Every structure is written in C-alpha cells, then in structure tokens.
Amino acid sequence: MSGTTLFGRDGELAAVDALVDALPERGDALLVQGGPGTGKSALLDHAAARAGNAGFTVLRAAGVRAEAQLPFAGLHQLTRAMADRVPHLPAVQAQALLGAFGMAEPAQDASRFFMIALATLGLLGETAAEAPVLLVVDDAQWLDAPTLDVLGFIARRVGTEPLGLLAAVREDRTAWRGADHLRDLRLGPLTPTAVGALLADRHPALAPGTRRRVAELSAGNPLALTEIPLTLEAGGAPAEPGMPSELVLTARLRSAFSPPADLPSDTRHALLVAATADDGALTEVLAAASALAGTELSVRSLEPAMAAGLVRLDGFRIDFTHPLVRPAVLRSASLADRLAAHGALARTLQGQPDRQAWHRAAAGGRPDEAVARQLDKVALGARERGAPAAALTALERAAALSEVPSGRVARLLGAAELRFELGQADRVSELVLQAESLGLGVLERARVVLLREWLESESDTSISRIHLLVTTAERAAEAGDPELALKLLRVAAWRCWWADPGRELRERVVTAAEQLPVPELHPDLVCTLAGAAPLEASATVIDRLRRLEREGGYDVVAAATLGNAAIMVNGFDHVTGFARHAADGLRRQGRRGPLTKTLVLLALATVHTVDWETGLPAAAEAARLAEETVQPRWLTGARVATAQFAALRGDLDTALAAIGEAEGQGLTVVDPSKLAYIQITRGLIGLAAGHHTEAFSCVWRVFDPADPSYHPFMQTMAIAELAEAATSDEQRAMARTALRQLVASAGESEVQMVRVSLGFARALLAEEEHAEEHFRAAFDLDMSRTPFVRARLMLAYGTWLRRRRRVTEARTPLRIARESFEAMGVEPWRERAAQELRSAGEGSKGQGRPDRELLTPQEVQIAGLAAQGLSNKEIGRRLHLSPRTIGTHLYRIFPKLGITSRSQLSEALGAD
C-alpha cells in the first residue's frame, strides 16, 4: 500500500467503492475474507476514508482475542458513538441495550436478544436519517458471539436503510454463524506483477536476488512483502532457500502468523515438532511429538491448529498454510523447547542417518566431534548428489560443533569453497579468516591461496601471482594432494591466457601439470594445457576434447571446465555441448558462481554459430547473475556477447550501449583479454555499420604489441574481422603482416575455427593473381560449424567476381550469401549481399521480421523450455525464478507470438 493505493486489488477496491457510493440510495453488506496480512484492514480503511470524505457516518469495531468471551463487547464498540440517542429508543429496547452493557439491570426473558438487536437497528436507523452510515468491522472472527448475532440480524435488514456493513474475517467464515447469507469478497495472494509493484514502491533498493527471495517467502502476502525486507536488512535472512524457520519475524508478522496462546498443550507440541521437522510426514511428526509430550498423540491433537488456519493435512502429510507460520511457531517456543523437539526427532529417525545428524546437531548446545563427523558425511553425500547448498549448511554446522582445530579448519575451508560456488563471494573472506586464526598446514595454506585467487582475480594480473600459484601447486603435490595442485595450476593457466606472461612461465605451468599423477583426460589438466599453451597444445587439447565428447561420463563441474578449455583454444564448435550440459546441471544445483561463467562461455561461442535461441538468453541470464554474485569479469563477458549478437542483428544502438557498459564498468587493472574482446566487438559493430576504417583501427589494437589490448591468443579469432575491415592499401599490408605471423605460429592448428579464420583471411587479403585459388582453398575447408564465416566468404567471393565483371558467376555465391544471412537473421550482411546481388543484375526478395524477434532474451529462454513441456515450476527451478514470474512472462509471450496456448509454442518458435 502506498497512501491509499492498494497494489493488485483493483477488483476488490471497485467492489467496496460500489457499496459505499450506493449508500445514499440503498444499503448493502459485504464480508471480506482472507488470511492474515492479505490486506483486509487496508481495504476497510480505504472504504472508511471514502465514506468519511463523502460526509457519511462511519462506525468502527474490531475483534480482540482477549474480549472474545465478553458478551456484547464488540457491540459496545460500535454503538458508543450513538450513546446519546439511547434515551430516544422505546423503553424496553433501551433497557435491554443498557443491560447488555452492564449499565442497567439486564432483562431475563426470552425476548432479550431480540430487543437488543432492535435497539441497535433503531440507533443506526436514526443516525442514517441524518447521513448514510457505514459499519466497518475488522477481525470479526474474534468478536464475541452475541455481537456477531446482532451483526447478522442487522446485515439481513440493511437494504431498507442507507446503511452499509463491511466486515473482515479470517479465511474460515464458519466462525460467524450468521454470515452465511452475506456476499463475500476473497483476498488471495497478489499476482507477480502486483508483488513487483509493491516491492518497487516500498523497498526500491532491494537487490534482485533478495527481491526474488522475499517474493518466494511471502507467497504473495502483502504484509509479508512489506515486512520481510526489514528483517533481511537487519541480518535476519535465512541461511538457505527452503529454510524459513531461520527467518526472524517482525512484531507485525509474529502477530499475524503466530499460533493462538490458548491452544492445548498437545497441539502446541505437535505444531512445534512439525515446524522443527525437515519433512512433513504425519507419522514422524506424531511419533516425535508423542516422545516430546510424554504421551501418545493422534491426529486429534492437530484439529485445533487446523481450525485456527495454521496447518492442513494432505493425505499422510502435514503442511503449514503459509510459509511464515513455521517460523512464527518456532519463535513462539522457548529455546529449551526447540532443542527438545530436535532431540525427539533425532530419537525417532532411526535408520535415516542424514536427517538424524541434522537434528542431533540442532539438539545439542555444545561442541560434539562425533556429530561433526556425522555432518561431514552428510556434506559429502550432498555434494555427490549435486546439492551444494545442503553440503554448505552441513559443513558450517559441523565447523561450529568441531572439537578438534584441524577438523574445524578443513570444514571452514570447505564451506568457503562452496560459498564461492554458490555465488556468495562476500561471505568467503570471513570463513577464510576464521580458518587462518586456527593455524594452517601446507595443504590448508594451498587451499587458502586458491580461495584468495578466486576472490581477487580482478585485482592483480602480475607475473608474481602466477609464480605464487605454481609454487603453491608444487608444494601441494609434494604434500600428497595432486588434485589440489592441479586446481591451482588450472587457475595459473587462466592467468596465462588472460595476459601472456611469456613462453618460459607458461611452459613451467604446463610442465608442472603434466608431471602430476592424474589421467590425461582429467578436465583440469586439459584446461591447464589450453590456458597455458593455447597455440602450442591446441592439437592435444582438441584431441582430448573429442575423446571426452565420445566417452562422456563427466559431471557438470567437469563439463564447465572442458567448455572453458575449448574456448581458450578457439574450439567454439566444442564449447556448446559441454557448456549446455554444465549450465543445466549448475542451474539445478544453485551453483551460481560457476554457472555465470559457463553461461558467458556459451553465449560467446554461439555468436560464431549465430545461435540466437541459445546465446541471447545465456547472455541475459549471465549478466543478471554476474551482477548478483559480483563477478565483474563475467559481467563484461555477458555484455560483450550481448553487443556481438546485437551487431549481427543490425541493432547498433543496443550493441554500442552494451559495449559501452562493458568498457565503463571500470577496469581497475590492465586486463588484455577483456580489452581484446571489447576491441574485437567494436570492430564487429563497425563492420555491421559499414564503417570499415573504424572497425580496422579497433581490431588492429589486438595485434599491436604496444597496445594494452594486445592479445596473441585471440588474434586467430580476430584475423577474420581484421581482413574484412582492411580496405586501404596500407591496412591490407598491415593485415597481411599480421596474417603471416599467425600462420607461422598457428598455421598447422587442428582447431576448426582457427583453420577457417586463417583461410578466410588468406582469401580476402591475397594478391590479385592468387585471390581465386585462396578463395577455392578456403571453400575446401570444413565450414559446417561456422556458417557465418562461410556466408561472409561467399559474399566476399561474389563481390570479387562482380568487380572483375564476372557477373554471371558472381550471382551464385552472392545468392547463397544473401539466403544464408537471411536464414541466420544477420541483417547488415544480408543487406550488403542483397545490394551486391542487385548490382549483379538480380533483385532481392523482401525481408519479414520473425515473430520470435519480438521476444526478449529471457522470454526466448522461457518460451523454449515451455515448448519442451516443462511446467512453470520446473522452469522456475532452472532459472531461479518463481513459478508466478514464469507465468507472467508466458502471459506476455503468447500475444507476441500470436498464439493462445503452450501447445502452439513449438511451432511458433520454429516458424522462421
């Protein structure tokens, strides 16, 4: 709510406005129903304000639990403003009403209630004769029964007077026996759009990840949406998704969702165990609650909780009616009772060691190494089944319970590594400092070096950093941990690729890696070779990637590493398979750190195959995750990919904006790999715009040893853009020199993209007398996975033929180029091919815009998953979005595609 604005309640507002506005002509009654915090009181306040502004008399009352047993306490609230009119009532009515309030001797005959009800109606009728009257009753479920009976009597007669009744009640209207005849207005959860609007108004500074967490915990409840951010800002955030029991509730949330104080003790025991349990199995809850209570409990013990709207039974399970009831139940219990509930569950869960370990850990109030070791096993099992969040929670709890310092160090460092993988880098340093304070051995120091490298990779590109990583790796190997040593060398190799430290140091990294006792197909070894020797070891890397593709069997982390290896040797045709597999798995596991990088690799690789459906959503998701997890390197990569795709489409404004953001985010240190990507992208934008001179000057910086953007390993990727941009004699001479140097260093490469790029550049830069043979040699290369380069080669060849007056011959390659560009959706080059074809005497067909181009990258991703048959919930899990958000996106997608159902998505997405 903002002032008198209620988000997402337009229909409900219209209903109460209609009731108020009609009062001068006719009376009416309306019962507003909804759970706690759904906005019932706000809706009543709105109606009262509207009536007051219209000059109506507004009489209000609200039920209070403490007064629910006091007869006519609620009626006294309603009528006290009309006390001066009581003497004008018939004597018998006045006597009955005053007697009900203890202000006269109460009547004892059977007509007592009737006289009280008539007296109340008479007072209201007299007041309404002067101005319409609106009765506003909040929390009617807590009014005393006699008052509710009188209100029911009045509600059945409001049509004869300018008298309106608005009453609000919790979801169960059976608490008011006389309300069966009333029209009702139900307040359900807010829609995703309304949730977003409310959060934007009340908490505009929330980070995207926190915003999604609030929306999930609130379940669309307006009060929860307003209050939960206050607890998160105060440090009361849950440790992990799915664990609302750790959420600290504000006073308003506790008041709304806490169980009534008068629940029977057996019910309170059962509720506490249900809130404590990690599973809602009814038999387990009742067994543990029986152990806690010291007596046998049955389903009957839960009936008061069900009547209070706290829980519901579904078959053999017990569920809370709202996510915030669980933490409210826990916060209403004492610490001793909560510990006892965990202990009762631990004793009950025989034969379930993982769950038993959790409850044993929660039940103890002191360190316990046996429980810590049990949690170590839980963490290991969670990691093996791809549940890093659960593994992290187990390790951190085990660290807190540790009695042996060395065990605590190992657990703290393991937790720090998982924190980084889950995209929580801001929490890693704290864990590392705790571990360092306990004293570190050789291997622990090596793990700390690796962790600090992950955290500080943006802050230092010096050669000394690579020396430290290699030396630490050698010590780790000597201490008997080759896997840790290889991880360190892999990171050293990444640094070698980001900024070439010289052949000698790169060879040291390769030698150290190859001496380790690990299989030759070990993903980290393949990645180390790719990063430290991207030209020299490219044939080896490609061969091993192909073998791994054939053999399979690698997990998602290995797949991410192999995708990284492929992109560092320009093996873009190998990146996609590994990266897709990795992204799917990492997304399911919530490992947002490596997922971000993997999505960037996927986006950059699919630029070369012009795979819009894969690349654009990957770039958009990567940008969002990179901002949330504070990974500036991969935010740059996501923006580069976005700019490249926009350039291919011909959307130059978007391309320039994206690459400008990549440059403007602040390069605190000189990073040749980032700068090279940016300059290559600017070159591609220049080519799309037809500004060849500008394109050449940008791309040339990657080849100029004196420029900060100089990057010898990316030149094999950039040579195609350089050759296409070179138009003057001077530029062509410079490009030929660069090409000769590349041929000398990479001319025998087995990497398809390198061979194609070199062949393309040779053809475009060849001297006149050798041009045709180089074009034909390039066409002989396998370009099946590089359709964009092949189409550009066709365009260049057709243009070359036409300019030599071989017009008839020129038409075929130009036609192929135009149709290829059109199929790919590469508009600037399609238009160029069409123009060349017209110059060769053949017209071009028109170009229509596919409906799919109307979709945003995220909408393309969601539509594609929905077309595969995934439900909103399944899509939401993959993309870390709520099912409601997915539903909202689909609501927008259908009109854009001109369809009305999910069954039409596949055809619409494929109907280019």
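**Thr120**

I started with Thr120, which is buried at a relative accessible area of 2%. I use buried for under 20% relative accessible area, exposed for over 50%, and partly exposed for anything in between, with a 1.4 Å probe and protein chains only. This is a predicted model, so I noted the limits: local features need pLDDT of at least 70, side-chain atom pairs count only at pLDDT 80 or more, and totals for chains, interfaces and linings use all residues. Numbering runs from 1 along each chain as its sequence is written, and side-chain values use heavy atoms, with hydrogens and water left out.

Thr120 sits in helix H5, residues 112-128. Helices here are DSSP runs of H or I with at least four residues, strands are runs of E with at least two, and both are numbered from the N terminus. I then listed what Thr120 touches: Leu75, Thr79, Leu97, Val150 and Ile154, leaving aside residues up to four places away in sequence. Contact means heavy atoms within 4.5 Å. I also checked Leu78, which is 42 residues from Thr120 along the chain; their C-alpha atoms are separated by 9.3 Å.

**Whole protein**

I stepped back for the totals. The protein has 45 helices and 7 strands. Its C-alpha trace spans about 120 × 75 × 45 Å along the principal axes. Of its 912 residues, 54% are buried. Among contacts with a separation of 6 or more, 67% join residues 24 or more positions apart.

**Helix H16**

Next I looked up H16, residues 353-363. Its buried residues are Arg355, Gln356, Ala357, His359 and Ala361. They pack against H11 (265-276), H12 (282-293), H15 (335-348), H17 (369-384) and H18 (388-401).

**Hairpin E6-E7**

I moved to the strands. E6 (residues 311-314) pairs with E7 in the antiparallel sense over 4 bridges. Pairing requires that DSSP finds at least two bridges between the strands. The two form a hairpin with 2 residues between them, and Gly315 in the turn has a positive phi of about 70 degrees. Asp314 stands opposite Arg317 in E7.

I followed the side chains along E7, residues 317-320, and found that they alternate. Ile318 and Phe320 point to one face and are buried.

**Cavities**

I counted 5 cavities of 30 Å³ or more. The rule uses a 1 Å grid over the protein atoms alone: a cavity is a set of points where a 1.4 Å probe fits but cannot get out, and lining residues have an atom within 4 Å of a point. Grid points are joined across faces, edges and corners, and the volume is the space filled by probe spheres set on the points.

The largest cavity has a volume of about 220 Å³. Its lining has 17 residues; Trp497, Trp498, Arg633, Trp634 and Tyr677 lie nearest its centre. H23 (482-498), H27 (556-568), H29 (592-609), H31 (632-649) and H33 (672-689) each supply at least two lining residues. H31 gives the most, with 5 residues. By class I noted 10 nonpolar, 4 polar and 3 charged. Nonpolar covers Ala, Val, Leu, Ile, Met, Phe, Trp, Tyr, Cys and Pro; charged covers Asp, Glu, Lys and Arg; the others, Gly among them, are polar.

The second largest cavity holds about 190 Å³ of space. It is lined by 17 residues, with Val607, His608, Leu684, Met717 and Glu721 nearest its centre.

**His711**

I went on to His711, in the loop between H34 (692-700) and H35 (715-725). His711 is buried, at a relative accessible area of 1%. Its contacts are Trp497, Trp498, Pro672, Ser673, Ala676 and Val702, again not counting residues up to four places away in sequence.

**Cysteines**

Last, I searched for disulfides and found 0. Cys496 is in none; the nearest cysteine sulfur, that of Cys527, is 12 Å away. The cut-off for a disulfide is a pair of cysteine sulfur atoms within 2.5 Å. Cys496 is buried at 0% relative accessibility. Cys527 is buried too, with a relative accessible area of 0%.

Key
On a 1 Å grid over the protein atoms alone, a cavity is a set of points where a 1.4 Å probe fits but cannot get out, and a pocket is an open set with protein on both sides within 12 Å along at least five of seven lines; lining residues have an atom within 4 Å of a point.
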